Number of protein chains: 2
Amino acid sequence: MVYELFYWPEIQGRGEFIRLVLEDVGADYVDVGRLPASRGGGYKRLVSALEGELAPYAFALPVLRADSIVVAQTALITRFLGERHGLAPEGERERLAAATVALTIADLVSEAHDTHHPISVEQYYEQQKPAARKRAQAFRSKRIPKFLSYLEGILAANGDSLVGRSVSYVDLAAFQVVAGLRYAFPVTMAKLEPEYPRLVALHDRIAERPRLATYLASERRLPFSNEGIFRRYPELDAPAPRRNQRRTATKKPRKRRRK
Amino acid sequence: MVYELFYWPEIQGRGEFIRLVLEDVGADYVDVGRLPASRGGGYKRLVSALEGELAPYAFALPVLRADSIVVAQTALITRFLGERHGLAPEGERERLAAATVALTIADLVSEAHDTHHPISVEQYYEQQKPAARKRAQAFRSKRIPKFLSYLEGILAANGDSLVGRSVSYVDLAAFQVVAGLRYAFPVTMAKLEPEYPRLVALHDRIAERPRLATYLASERRLPFSNEGIFRRYPELDAPAPRRNQRRTATKKPRKRRRK
């Protein structure tokens, strides 16, 4: 059987979490969107697949098809693949822990996305820059540290991998968010990374896994870009200019718990 | 075994999706946060549990504990309970379809949350009202219809339940989002609902399930409120005032695909 990954062809985006798992387990797969249109690939095929052959359960890409099985939602797809190919812990308790981490990383990814699209996915970044700057500031100062501390804390408790005794799909996801955050927020990450040595070391170990090292050096690994989830807009990485700083400093943020 | 649900005691919030499943299957459970402090409940216990007994895998509430199993992330918890108690389809293909729907509904819930918190969860709604108004407008005009069409389309394809031949935990989740959207966006929903008759009918059928009907009429069902995920701020439900309408009308939103 050949897996079919349906995802936008020009970007890493959410699809990259799935590509990493497929590559690491050496799965036989087709990256449908990246095929030429003559072989059933391209943008039009993806859109018509979402409305047709992948309906009714897939709401958005990425979607994975494995024969008659259609799975959407990144964290669910990576869990599905990981458990099928020995890239997941055994046992219910640890499988649920892994799924919990995968979904928490998915939340981090969504929040990274919303730094450049805080108002609407239907509009360009350039149409929502003032809100983006504010959301990015909160993301840099509160959310990145909170998520990275969470991952670091798991590694401190569990050892060299996030769940169980060996590498699983969630370690690959952790690698990808570190890489993505480094691309999007280089100034912020340079400052923060020394506080998360276990996570940085995990990132480096994952990058050296033989199949992944080959993949990452290949043309199959698309570059990060400002069309993807992790985007490098210097104004979203830098501290606010002085005038704004003074203005926001008067509004002292009060603690809120997450609902 | 008694399930322990860890969630904020005063709100429906994300915890409500789990309460509905626990109630519908007649599970023996404790809503830990709602116990008096003298019996191990209350806000302090929840915070210390997150940092202690529920660590390291739970990032945020809600969290469910079942003996030595700790699960976080709403969609994962409801799947776990649903599959254990016959409130989920059988078979891998349909279980994955159900999990896909549950996670898509979770995305809708997060987007509903972000209408009142588009900038930062660390600040109050009142500190982010201008962005909230814009995000809510996009949510009302684009996202609610997109998500509700998705659910309606599934029902059109599958019948009286979202996945498989009988009611599952995702049907309960669909009930809850319809109820929540009605609370938060009554004007918008009154206008939109006629377009989604199957979804509205599903909502009504779920509300009539004997155990849920008892629960919904009981004090265990907390009221919706402006402390939860679905909040009723009339300014986020109403069309923008005329001056804003004219201004946004000049910026014609261009289509963007979701990453």
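This is a predicted model: local features need pLDDT of at least 70, side-chain atom pairs count only at pLDDT 80 or more; totals for chains, interfaces and linings use all residues.
Two packed helices are described by the angle between their axes and the distance between the axes. Here, the axes of α1 (residues 15-24) and α6 (residues 169-184) of chain A come within 9 Å and cross at roughly 130°, which means that α1(A) is oblique to α6(A). The crossing of α1(A) and α6(A) is right-handed.

Turning to chain B, helix α8 (residues 197-207) has a buried set made up of L199(B), L202(B), H203(B) and I206(B). These residues lie on the same side of α8(B) because they cover an arc of only 100° around the axis. Their packing partners are α5 (129-158), α6 (169-184) and α9 (210-216) of chain B. On the face turned away from the buried side of α8(B), the exposed residues are P197(B), A201(B) and D204(B).

The contact between the two chains involves 54 residues of chain A and 53 of chain B. On the chain B side, β4 (69-72), α3 (74-84), α4 (92-116) and α5 are the elements that each supply two or more residues. Of these, α4(B) gives the most, with 11 residues. Sorted by class, the side of chain B that touches chain A holds 27 nonpolar, 12 polar and 14 charged residues.

Conventions: Residues are numbered from 1 along each chain as its sequence is written. Chains are lettered from A and ligands numbered from 1 in the order in which they are written. A residue is buried if 20 or more other C-beta atoms lie within 10 Å of its own, exposed if 12 or fewer, and partly exposed in between; C-beta atoms are placed from the backbone. Helices (H or I, at least four residues) and strands (E, at least two) are DSSP runs, numbered from the N terminus. The arc is that of the directions from the helix axis to the C-beta atoms. Two residues are in contact if their C-beta atoms, placed from the backbone, lie within 7 Å. Axes are lines fitted to C-alpha atoms, for helices over the stretch in contact, and angles run from 0 to 180 degrees between N-to-C directions. Angles under 35 degrees count as roughly parallel, over 145 as roughly antiparallel, 65 to 115 as roughly perpendicular and the rest as oblique. A crossing is left-handed if the near helix is turned anticlockwise from the far one by less than a right angle, and right-handed if clockwise. Ala, Val, Leu, Ile, Met, Phe, Trp, Tyr, Cys and Pro count as nonpolar, Asp, Glu, Lys and Arg as charged, and the others, Gly among them, as polar.
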